[in-house]
Amino acid sequence: MTTKVKTPAEIKAMRESGRILATVLQYLRPKVKPGISTAELARFAKAEIIRQGGEPAFLGYEGFPDVICISVNDEIVHGIPKADTIIADGDIVSLDMGVSYKGMITDSAITVIAGRAKQKRHLELVKNTEEALYEGLAVIHDQVRTGDIGEAIEKFLNKFGYGIVRDLVGHGVGHQIHEDPNIPNYGRANTGPWLDAGMTIAVEPMVTLGADHVHIADDKWTVKTADGSWAAHFEHTILITKNGYEILTKV
Ligand code: MG
Ligand code: MG
């Protein structure tokens with residue numbers, strides 16, 4: 001389905017959904033330390049989503065087995081939490097989660113380096129991926145086109161020679177986790193579908209230190225870089241407004 005202009009009541013529910021989601025991500029951030037398993041992080045996530053009054057939106061979505069995607073190093077997105085995936089010092093860990101509140105869904109991701117970064121370029125990758133998200137958001141307003149957002153993100157990231165993942169993209173969000181249209185992290189301004197004030201979208205650059213090619217791991221979910229390079233991912237759900245945007249996935 002194509003994302004709809006949301007009603008005031010739906011927007012109110014998405015603000016609360018986004019507040020819960022952001023609260024849980026910030027609660028998880030300091031727990032991403034060497035020695036913890038991704039399954040343990042997921043248990044913390046599930047308990048905190050429920051304690052905050054939300055429902056996990058990823059659990060069972062297209063068969064996904066957990067409440068959060070945790071993707072480590074060369075894993076880009078859709079990592080399944082596992083008891084035997086133990087975070088090591090310097091790992092790049094992406095936490096991607098969806099929360100539902102009164103039937104309205106928000107989607108957000110952060111990337112954290114556990115302990116001390118192994119290389120300066122890891123710190124820079126994480127910082128620049130987050131900045132790319134804000135570069136994309138900066139061009140948003142009523143009647144923005146998806147290509148405007150993609151171009152802003154791509155132009156910023158190209159300065160660093162990163163790989164920009166093309167097989168996965170941002171999207172409309174709200175009644176469902178993934179609504180049309182796609183919001184690519186690359187493209188040309190003045191192309192693509194127009195977006196109206198009142199629509200809600202997830203913008204989510206996925207960036208690698210190598211090429212942009214991906215492959216799916218044996219677990220059928222985890223998306224990894226084909227060349228083994230490490231990756232970062234940041235995502236916000238936002239409401240498009242007349243003159244700009246409002247981040248919904250914030251505390
Ligand atoms: Mg997400
Ligand atoms: Mg998303």
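How many nonpolar, polar and charged residues are in the lining of the largest pocket? I found 10 nonpolar, 5 polar and 5 charged. In this scheme Ala, Val, Leu, Ile, Met, Phe, Trp, Tyr, Cys and Pro are nonpolar, Asp, Glu, Lys and Arg are charged, and the others, Gly among them, are polar.

**Ground rules**

I'm working with a predicted model, in which local features need pLDDT of at least 70 and side-chain atom pairs pLDDT 80 or more, while totals for chains, interfaces and linings use all residues. Residues are numbered from 1 along each chain as its sequence is written, chains are lettered from A and ligands numbered from 1 in the order in which they are written, and side-chain values use heavy atoms, with hydrogens and water left out.

**The whole chain**

I looked up the secondary structure and got 4 helices and 17 strands. These are DSSP runs numbered from the N terminus: H or I of at least four residues for helices, E of at least two for strands. Along the principal axes, the C-alpha atoms fill a box of roughly 45 × 40 × 30 Å.

I also checked burial: 55% of the 251 residues count as buried. Buried means under 20% relative accessible area, exposed over 50%, and partly exposed in between, using a 1.4 Å probe and protein chains only.

**Pockets**

Back to the largest pocket, which holds about 320 Å³ of space. It is lined by 20 residues, and Tyr 61, His 78, Leu 168, His 178 and Glu 204 lie nearest its centre. My note on method: on a 1 Å grid over the protein atoms alone, a pocket is an open set of points with protein on both sides within 12 Å along at least five of seven lines, and lining residues have an atom within 4 Å of a point. Points are joined across faces, edges and corners, and the volume is the space filled by probe spheres set on them.

**Magnesium, ligand 2**

Which residues coordinate this ion? I listed Asp 107 (OD), His 171 (NE2), Glu 204 (OE) and Glu 235 (OE), at 2.1 to 2.2 Å. Donors are N, O and S atoms within 2.8 Å of the metal (3.2 Å for Na, K and Ca), and water is not among the atoms, so sites may look incomplete. His 171 is in strand S8 and Glu 204 in the loop between strands S11 and S12, so the pair ties together parts 33 residues apart in sequence. His 171 counts as buried at 2% relative accessibility, and Glu 204 does at 5%.

**Magnesium, ligand 1**

Asp 96 sits in strand S4 and Glu 235 in the loop between strands S15 and S16, 139 residues apart. I noted that Asp 96 and Glu 235 are buried. The two magnesium ions are 3.2 Å apart, and Asp 107 coordinates both.

**One last residue**

I picked Ile 238, in strand S16. Buried or exposed? Ile 238 counts as buried, at 0% relative accessibility. Leaving out residues up to four places away in sequence, Ile 238 touches several others, including Leu 137, Met 199 and Tyr 245; contact means heavy atoms within 4.5 Å.

How values were computed
On a 1 Å grid over the protein atoms alone, a cavity is a set of points where a 1.4 Å probe fits but cannot get out, and a pocket is an open set with protein on both sides within 12 Å along at least five of seven lines; lining residues have an atom within 4 Å of a point.
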